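These are my notebook entries on one protein model. I set down what I looked up, element by element.

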Amino acid sequence: MQSGVKPVILAIDDDVVILNTVVSTLRSEYSVRPFTSGDTALRFLSTQSADLILLDCQMPGKSGFDVLQYLVHSPMHSHIPVIFITGSTDGESEAKALEVGAMDYLHKPVRPRALITRVKLQLELQSHRRHLEALVEEKTRSLNDAYNKLKLREDITLGLLARATDLRDGDTGQHIARTTEIVRIIALDLVAHPRPGYTLTRHQAEEIIKSAKLHDLGKIATPDHILLKPERLTEEEYRVIKEHTVRGEQLLTDFISETDDSFLKTARDIAHSHHERWDGRGYPLHLAGEEIPPLGPHRRHSGCLRRSQFGPALQGCLQSRRVGQDDSRRARPPFRPLSGVCL
């Protein structure tokens, strides 16, 4: 309602005497539009709006209850307060009107002072509601902006940490980026096509995708002379390399103790179990099959990948560090090279 513009009030009653009373009482302060039937009033509302409606209970054609039912279920008009006008004295009409959605009611014959008071009260309440809705909308927008900024900072920080981990190991190149992309493909496929025992919500999938960036976090604690060694690793050096799964799990567990964050728990489980294998030949715990935490990538490779449309192309590829280069210095079990997207 614009400043200086009179509020529009619809008066709907088949009794012209009532309409004349309403118009003469309110016209100095309000723009009153009288209607003798619900149908004509609804036709007006199809192209115009109103700030308040005075509605007779009993009318030929559409009754006041019919019109009220329409209004409260109409997205365009449900916000308009309605004051019911009734000649009934048994209380049933008032109770029913309030239950359906009327904000107030008046008894016939309409008394001008009561009419002015009730109309003024409802318009003030409506103004307060609109003000509160505007405040809530502004606050919600502000909170959403703040949340989006925090989320962006979180994603940047996570990306920087993952990148720092990646850069320490010159042999990996874009290993973390490729791993994250493959995990994204698998996770979103499971969201769209759930399998028994492998059901993910969109939120869980997003946490897994983000957490995958930290799967090699433990390599921060791996000595450079081993991590960057160009020659074949000794058995002892390979044992130290394998400790990055435990170190990553320990680092993330320390932060979990400070906050109950499902993202950190997901990242911890992935960091600890991402080298476990379905056949039990992985590390650090040599878990097999269903013993592997559901978030451990090799369980996903061996288990849900077989149930995924990407299984035939990716399963062998994901068990390798990279395709097309000599990986023997890592003392890994033999793998079957496949073309396509690989770690």
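Which residues in α10 meet which residues in α11? I find that Thr 245, Val 246, Gly 248, Glu 249, Leu 252, Thr 253, Phe 255 and Ile 256 in α10 meet Leu 264, Lys 265, Ala 267, Arg 268, Ala 271 and His 272 in α11. Contact here means heavy atoms within 4.5 Å. The residues of this contact divide into seven nonpolar, four polar and three charged. For these classes, Ala, Val, Leu, Ile, Met, Phe, Trp, Tyr, Cys and Pro count as nonpolar, Asp, Glu, Lys and Arg as charged, and the others, Gly among them, as polar.

**Basis of the entries**

I note that the model is predicted: local features need pLDDT of at least 70, and side-chain atom pairs count only at pLDDT 80 or more, while totals for chains, interfaces and linings use all residues. Residues are numbered from 1 along each chain as its sequence is written, and side-chain values use heavy atoms, with hydrogens and water left out.

**Overall**

I recorded 13 helices and five strands in the protein. Helices (H or I, at least four residues) and strands (E, at least two) are DSSP runs, numbered from the N terminus. Of the 343 residues, 43% count as buried. Buried means under 20% relative accessible area, exposed over 50%, and partly exposed in between (1.4 Å probe, protein chains only). Among contacts with a separation of 6 or more, 57% come from residues 24 or more positions apart.

**Helix pairs**

I returned to α10 (residues 244-256) and α11 (residues 262-273), which pack at an angle of about 165° with their axes 7 Å apart. Axes are lines fitted to C-alpha atoms, for helices over the stretch in contact, and angles run from 0 to 180 degrees between N-to-C directions. The two helices are therefore roughly antiparallel to each other. Angles under 35 degrees count as roughly parallel, over 145 as roughly antiparallel, 65 to 115 as roughly perpendicular and the rest as oblique. The crossing of α10 past α11 is left-handed. A crossing is left-handed if the near helix is turned anticlockwise from the far one by less than a right angle, and right-handed if clockwise.

I then took α2 (residues 38-45) and α3 (residues 64-72), whose axes are 10 Å apart at an angle of about 20°. That makes α2 roughly parallel to α3. Here the crossing is right-handed. Gly 38, Leu 42 and Leu 45 in α2 meet Val 67, Tyr 70 and Leu 71 in α3. By class, this contact has five nonpolar, one polar and no charged residues.

**The sheet**

I traced an open sheet of five strands in the order β2-β1-β3-β4-β5, with parallel pairing. Two strands pair if DSSP finds at least two bridges between them. The edge strands are β2 (31-35) and β5, each of which pairs on one side only. The twist averages 20° from one strand to the next. Helix α1 (residues 16-26) packs on the sheet and touches β1, β2 and β3, its direction making about 175° with that of β2.

Within the sheet, β1 (residues 8-12) and β3 (residues 52-56) pair in the parallel sense over four bridges, and Ala 11 stands opposite Leu 54 in β3. Four bridges also join β4 (residues 82-86) to β5 in parallel, where Thr 86 stands opposite His 107. Which residues of β5 lie on its covered face, and which on its uncovered one? The covered face has Asp 104 and Leu 106, the uncovered one Tyr 105 and His 107.

**Single residues**

I checked Ser 93, which lies in helix α4 (residues 92-100). Ser 93 counts as buried, at 15% relative accessibility. Not counting residues up to four places away in sequence, Ser 93 touches Cys 57, Phe 65, Thr 86 and Ser 88.

Glu 243 is in the loop between α9 (235-242) and α10. Glu 243 counts as partly exposed, at 25% relative accessibility. Glu 243 and Thr 222 are 21 residues apart in sequence and 8.0 Å apart in space, C-alpha to C-alpha.

**Backbone exceptions**

Most residues other than glycine have a negative phi, and most peptide bonds are trans. I found a cis peptide bond from Lys 108 to Pro 109, with omega near -5°; Pro 109 lies in the loop between β5 (104-107) and α5 (112-168). The bond from Tyr 283 to Pro 284 is also cis, with omega near 10°. Pro 284 sits in the loop between α11 and α12 (297-304). His 286 is in the loop between α11 and α12 and has a positive phi of about 55° although it is not a glycine.
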